[in-house]
Amino acid sequence: MKHMNQNKYLPLLSFFTLFILLLFIFVPAFKENILIVHEHIRSALIGSYKVNGWILLFLVLFSMVGFGYVLYTLYYTKPRKSFYANYRSESIKNALWKWQWKENSIESLWCFCPKCNGELSYNTDFLLQEISFSCQNCQQEITKIQGENINYVLTYIKKEIRRIITKKELKIKKESKQNRLY
């Protein structure tokens, strides 16, 4: 796979080289212009400056390589995943909550039975303003959460997940700071 990635630009590079060679051979105006540019570059490199022309050429080439590297890293490298990218489940309020990450937002959040891992169903009690989650497989109520509707409960759980992540992040930072002291 790695060998294949190194050769993916080879046809394009070959075409470009052949195209320039054909222009140089069959188009006299192109050849003359190339020779004029070559002479200007040669006179610029040999000419007397405060900075030697070869050093200037080296600096220009070095900056072009550096600029190319910066562009490559910006466009072709994937950003590092956050430390919580693999964090996709948590037990909150006696229910097992699972979700997926889409960039930095929590998607497909739902609760499951901690005993049989079955998906929980919910009933809304509008009078008490609470949602009860129960397992159809185990035939028992798993948890009750205060809230007017299911969207409120899901938002509450998302905030709880964010709070747990922040707490873990602070713990990781504290541990790394202590490790640096030793």
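These legends walk through a few close-up views of a predicted model. Residues are numbered from 1 along each chain as its sequence is written. Local features here need pLDDT of at least 70 and side-chain atom pairs count only at pLDDT 80 or more, while totals for chains, interfaces and linings use all residues, and side-chain values use heavy atoms, leaving out hydrogens and water.

View 1. The strands, which are DSSP runs of E at least two residues long, numbered from the N terminus, line up in the order β1-β2-β3 with antiparallel pairing. β1 (89-92) and β3 (105-112) sit at the edges with a single partner strand each, so one side of each has no neighbour in the sheet. From one strand to the next, the twist averages 30 degrees, taking axes as lines fitted to C-alpha atoms and angles from 0 to 180 degrees between N-to-C directions.

**View 2. Where β2 meets β3.** Six bridges join β2 (residues 95-102) to β3; two strands count as paired if DSSP finds at least two bridges between them. Look for Trp101, which stands opposite Ile106 in β3.

**View 3. The β4-β5 hairpin.** Strands β4 (residues 120-125) and β5 (residues 130-135) run antiparallel, joined by six bridges. Ser121 has Ser134 of β5 as its bridge partner. Four residues lie between the two strands, and Gln129 in the turn has a positive phi of about 55 degrees.

**View 4. Cysteines without disulfides.** The whole structure turns up zero disulfides, meaning pairs of cysteine sulfur atoms within 2.5 Å. For Cys111, the nearest cysteine sulfur is that of Cys113, 9.8 Å away. For Cys135, the nearest is that of Cys116, 3.5 Å away.
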